Structures are given as C-alpha cells and as structure tokens.
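Please work through the following exercises with the sequence and the structure at hand. Each task is followed by a solution in steps.

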Amino acid sequence: MAEHEHHWESSWAPLVLVVGIVLAIPLTFASYFQYENALVSALFAGVGVPLMLIGLAKWVDEGLDQTHLHFGYAVPGISVFIVSEVFIFLGIFSGYWMMRLEADSWPPAGTPHMSMVLPVIMTVILVSSSFTIHVAEEKLEDGDEAGFRKMLMVTIALALIFFSCTMYEYSHLVHEGFGPSTNSYSTAFYSITGFHASHVLVGASIFVAILIPALGGRINKTFVQCGSIYWHFVDIVWFFVVSQIYFW
Amino acid sequence: MKDWIFTTDHKRIGVLYLVGSFAAFAVAGTMALLIRIEQFSPGPNITEDPNMYNSWLYFHGAAMILAFLIPGLTGWAANYFLPLMIGAPDVAFPRINAFSVWLFWLAIVIALLSFVIPDPPDIMWTGYPPYSVQTEGNTAFYVFTVHLLGFSSILGAVNFLTTVIYMRAPGMGWNQLNLFVWGTVAAFAIQLIFIPVLAAAVTLLLFDKYLGTHFFDPAAGGDVLLYQNLFWFYSHPAVYVILLPAITILGEVIATMSKNPIFNYKACVYAGIWGVVLISGEVWVHHLYVSGMPNWIRIGMMISTLMISVPVGIIAMSLWGTLYKGSITYNTAMTYAAGCMFLFLIGGLTGIPLAMTVIDVNVSDTAFVHAHFHFVMGIFAAFCVIMGVYYWFPKMTGRIANEKWGKIGFWLNFIGVNLTFFPLFVAGLHGMPRRYYDYAQFAYDPTIEKMHHMATVGAFVVLAGMAITLLNWIGSAIAGEKASANPWNSKSLEWTHTEIIPGPGNFKEPVTVSADWTPYNYGK
Ligand SMILES: [Cu+2]
C-alpha cells in the first residue's frame, strides 16, 4: 500500500460513466416518451452512449492493471450486489403474483397460445452458457489462455442467441396482436422477460469487456470470476421466469 | 479542482456528499418557506397557481429525504468517518464510491431540472398511481431520480458492507466497533434489501405510463394498492436508514462529550439496532390503514409497529445511560445532542398513537402526521447531521467551529422548529389535512389559522438559525481557531490515530488494536 501514502488517488472513469448513463438513459427516455422529440432523444443517446463506453473502457483498463482489483474484495462485493438484484426481481414478480391471484380466470382474454418449445430451447441455451463459462474459468485456472478465450467467445455467442430468441418471440407475439398493453398477462410477460433479457445483455457486455483485453493477453482472474458469478445468477433467475411465466 | 472531481478518496468523496446534500437542503428549505407562506392564511397567498405549489411540495419532500438526509448521513458521515473508525486506508471499492457520489449529484441535477422543463413532475415524493400514470407531468424524471439515487445507495451498501466485513484493523472484533459503524452497517443492510423493491415499484410505474402496461390499472386486472405496498415496503424502512446513522452519531457525540462508554453496548447493538432492522420490514402497512384491507392485516401491522418501539427504546436508553454520571462538556455539538434527545422523544411518543389503527384513521393525512414525521425523521435527523458537522469539523478543516455563533444558531433552530411543528400537531387534531394549498373550507375553526401563523413564523426563525449556522461553518473553515489533533479527547480511532486532517491512505502506520481496546476506553 506504499503508493497510497504519497498521493491522492483519482480516476476520471466513474464521472464520465455517470454522465454517459444520465444522458443515455433518463434524458434519452424522457425526451422520447415524455416530450415526444425523437431528434433530441437521438442527440442525448448519441452523446451518452459513447461517453458510457469510454468511461467503462477506462475503468476496465485501470482495473486490469491492479491485479487484486485495488483491495481484492470484488468477489464478496458482487455477491452482496446480487442480494439486491434478487429483491428487485422479487418486487417485479410480486406485481405479477398480485395480478394473477386477484384474477377471476387465467389467462386473461386476448392471450394467444404460447409456445412452450421456445422457452425450453432458451433454457438449454442459457444452462449451456453457464457451463461454458465455468469451463472457461477452469481453462484459465490451468493456464490455458487460448482455451479460455475460446470458451468465453462461445459463452458470448450463446448469450446473444438467447437474446435473439427473446426478440424473435416478441416480434412473433406482437404480430399476433399480443403487445405489452394487451392485458394483465402481457403486462407481466413483457416486464419480467424484458427485465431478465436486459440482465442477459449486461452479462454479455461484461464478457465482452473481459474478452477484448484478453485478446491482447490482459486477463484479470478476479474480474472473470465476478462476471461468472453474475452469469450464474442470471441463469438461476431464468428458472424462476420460465416456471412462473410459461409453465404455471 | 481536477483532484476533487476525479477523486476516489473516501474523505474527499465524503466532502462532495456534504456539499451536495447541503445544496439540496438549501433549495428544499426554500421550498419549505414558500409552502409555509402559502399556508399562512386560507386562500392564495404567494402563488395563484396550485400546480406551482404542488411542485414545491414535490421538491421539498423528495429532496429533503433522498438528497439531503440519506446522502448526508450514509454519504458524507459514513464516507468520511467509517473507514477512519475501523482503521482502514479507504473503502473496498474506491472507484465505485466515486461512481456513487456522482450518481447522487446528477440525480440532484435531474431533480433541479424540474424547475425549468415543461410539464415538471407533480406527484409528490410518493408518486401514487393512478394520478402519476395519468398526469401530463414528467413522471419519468421522478422515476429516474429514484433510480439514480437508489443505484447510488445500493452500490454504497456493496462498498460499505464489504469494507466493514473485510477491512477492519487487525484485532478489531465485532464488539469493538463504534456505534456509528453499526448504525451505518444496519442502514446499508436495509438499503440493500429494500431499495430494490422501491426501484421495482417506480419501474412498473414507468412501464405503465410510457409503455402501456397495466400493473396499476384495475380496469385491466392491475391493482393500485400494489404500488402503495411496494412503495411503503421501502419507504418505511427508509426512516431507519435515516434514523440509525443519525442516532448512532448522537451516541458518538454523547460518549465523547460525557467521557463515558456507551451504556449497555451489546444490548444497544444486537437488540436495539438489529432489532430495528429485523422488524423494519413488517410495519409498512401502517401507511395504508385507510386503504382497503382485511382487519387481520391492520391489527397485525399495528402490533408490529408498536413492537418496533422496543428496540428503539433500547437504543434511547443506551444514550440516556451514557450520559449518567458523565463529566459532560457543553459545547455546540453537545448542545445539539441535548436538543436531539428532546426532539426524538417528542417524535417517538407522537408515533405511538399513529401506530394504533383506531386513532390513526382519525388523524390520517392530517397535519398531526406531518408534524410527527418532521419531528422524528426530519428535524431530529437534520439536527444530528448538524451536530455531526460541529463534532467532526476539526477533522475536516483542521479548525474548530466558532462556539458562540454555533450556540446562537442552535437556539434559533431549536426554538424555530418547535414553534413550527408543535402548532401543527394542534392544527392536525383540529382536522387540518396535510398538504392543502388552500384551507378556506376549514376557516370556520380559527385555531387552525392561528396555528398556521405560528408555524410560518417558526419557519423564518429556522431560516435565521440555518443562515447563521452555514455562515459560521464557512467563516470558521477559513479563519477559525486551529484545532489540536484530538480536541475533544476522544478515544475513537478517527481522533487518536490520524493527523488532524488525514492525508491519502489515512494512517501513517497500519493500525492494529488490542483485545481490550474499545473506542470508548474512558477508564470506567
Ligand atoms: Cu412508517
């Protein structure tokens, strides 16, 4: 810790990331939906998204240089964070449960026949991706960096296939006239699967952020471990989504 | 300048929180004054536009809770002093810490934008549907303000829980922690579990208003009460997010100024602080007594709400016990501490009737409720923040805040808040509803108007008190009397083991403590 005694630590990554997030999410969303101004909205997104990426890139870059991620407590940290994720899913699920238990009949009028094949396929995809990231970690442990990169790429590909399945399913259902506003089931269906899908995207982004420097040989094991823990969590949540939304 | 905005040091981040939260306080306080002027007498007084009045209410409530009290206590105080108290060189994740403070600052910016944008949010700090879904107002900004502040707090929880678990000085056991460290850990445990539920609630609001879903639309199988339940499931425990750090700072000041160890330390921590955390999640329905629900829920929640006064009472008893036979130094911080004890007593005692369904249904949504929660979580907690600033002023500035002006400010604040809020109890019992823009329909009862007169005068006394307090801090930071490293002769690590203003890394040598060390070793 000798270097800490002589100068004030600083980093511009957090501030740039926050500014990017605020431009890319609240301001973009409000300009589009509240003020119905697509041009201003695009402008905010156009400035915000690059700032986010720059901030993230810098952050990852700094993190890779610190072999122990500063003090080395990232693994318990991500576990604590997942506790809060559990509760946000519970909050959204409780909305679904309340609607469903108060309903006279289920599914409500306007619900088309839901395919049970696609969710099973998606489950297989997500479970295998949890397996591949585990194999990737093992390869890294054995010092096989090429094998690690390969399995990481497979994981990213599986995540993106999963996400595409969701998009396919959405477009199919919307085509049949089943959109978010159709009835109480569509309300829960799109909110919960959409919220889960956003977590899939975040997980995939973490893996991309690990992969890019890994191509140049820069790998931080703690970072990989954190991404992997998060991904297992996303996988477990999916079991709840499938059982509650599709098979109940 | 660059050193400050890009800083990842917990002390500088703490100062950024302090500046931001008092900026929010100044604006939200101005809103309070405008509200008091408007309610001085029935009929329009200062604005002809009730919507304008609504947006003051919105900003005052949202900013005082989310942008002043919570960031003041879990942002400033926890950031600056918790790592010092446990002998750590920084928090576990310094960059995430910087990320949190800027989320907080930009959330304030978004909230402030509501004064310049068209169709500002007009849904109070609670955002109840169906109005929040149907209004033309910008509900999105309300939702995103909550998201940003919530995300900031959750990351704060990740940071501080990890820090306390893993970064305590070698040798420091759980029973050797400062009371404030426990209060902060408990507050962040609550934030970690309950904020996500609020985030879920407002996210569903966003979906309903902008994407056409039906969570809160009974016509399509939704339920408006769902929102109220989710909202209060967080927002009652939020009271303890404010209360626990506030009351444990009070404990620190009382122990130091009376040179006594915390009375009944273990009971205070494990039964008191953690008892509050345990029960905090089972009381939220007392905000919904007048909404439709079966009686068994009402009665169950009445019992759990009354039960929470037991752990709170244990904490209060520890504070009074710590004063017993102490050699008390009555400086400004201790004067505030005494004021806090009084405010807490009034706020706590008036909560008991409100917990009882039979009384609450009669005073629900009246000025009585308004006065109760202002005593207990508004001014009590604000006094604790101010007390903390006086207590730790030397640690941040190397100087001692002027005592004479400190005490003048205290008495104006103390007289002012009591003059404001005691009359509101009376007005509430006379039937004055909360929040009204124009209470002409209650003008038949002259007491109500009289009480509003007194409350408005009281608010201006507080204005004088706060102006003196803030000017005193600025003046003393520039030209106050230089402080020694441990001006109050405290035994706590942040005073005994660091320089008066700690540098990068906090401690010259890594700190270790022995098995018989406690932060309250006053030889008793
Ligand atoms: Cu409550």
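This is a predicted model: local features need pLDDT of at least 70, side-chain atom pairs count only at pLDDT 80 or more; totals for chains, interfaces and linings use all residues.

Residues are numbered from 1 along each chain as its sequence is written, and chains are lettered from A and ligands numbered from 1 in the order in which they are written.

**Exercise 1. Confidence**

Task: State the scores of the model, and find which elements of chain B have the lowest and the highest mean pLDDT.

Solution. 
Step 1. The model has ipTM 0.93 and pTM 0.94.
Step 2. pLDDT is the predictor's confidence in each residue, from 0 to 100. For chain B its mean is 94, and 100% of the residues reach 70 or more.
Step 3. Helices here are DSSP runs (H or I, at least four residues), numbered from the N terminus. In chain B, the lowest mean pLDDT, 87, belongs to helix 1 (residues 2-5), and the highest, 97, to helix 16 (residues 403-429).

**Exercise 2. The two chains**

Task: Determine how many residues of chain A are in contact with chain B, and which helix of chain A gives the most.

Solution. 
Step 1. Two residues are in contact if their C-beta atoms, placed from the backbone, lie within 7 Å. By this rule, 48 residues of chain A are in contact with 53 residues of chain B.
Step 2. On the side of chain A that touches chain B, at least two residues come from each of helix 1 (13-34), helix 3 (74-102) and helix 6 (184-215) of chain A. Helix 3 of chain A gives the most, with 14 residues.
Step 3. Ala, Val, Leu, Ile, Met, Phe, Trp, Tyr, Cys and Pro count as nonpolar, Asp, Glu, Lys and Arg as charged, and the others, Gly among them, as polar. This side of chain A then has 29 nonpolar, 16 polar and 3 charged residues.

**Exercise 3. The domains of chain B**

Task: Locate the domains of chain B and describe the contact of domain 1 with domain 2.

Solution. 
Step 1. Domain bounds come from an automatic or database domain assignment. For chain B they are 1-235 for domain 1 and 275-503 for domain 2.
Step 2. The centres of domain 1 and domain 2 of chain B, taken over C-alpha atoms, are separated by 19 Å.
Step 3. The contact joins 35 residues of domain 1 of chain B to 33 residues of domain 2 of chain B. Helix 3 of chain B gives the most to the domain 1 side, with 12 residues.
Step 4. That side of domain 1 of chain B holds 24 nonpolar, 8 polar and 3 charged residues.

**Exercise 4. A helix pair in chain A**

Task: Classify the packing of helix 4 of chain A and helix 5 of chain A.

Solution. 
Step 1. Axes are lines fitted to C-alpha atoms, for helices over the stretch in contact, and angles run from 0 to 180 degrees between N-to-C directions. Helix 4 (residues 117-141) and helix 5 (residues 145-175) of chain A pack at about 165°, with their axes 8 Å apart.
Step 2. Helix 4 of chain A is therefore roughly antiparallel to helix 5 of chain A. Angles under 35 degrees count as roughly parallel, over 145 as roughly antiparallel, 65 to 115 as roughly perpendicular and the rest as oblique.
Step 3. The residues of the contact of helix 4 with helix 5 of chain A divide into 18 nonpolar, 5 polar and 3 charged.
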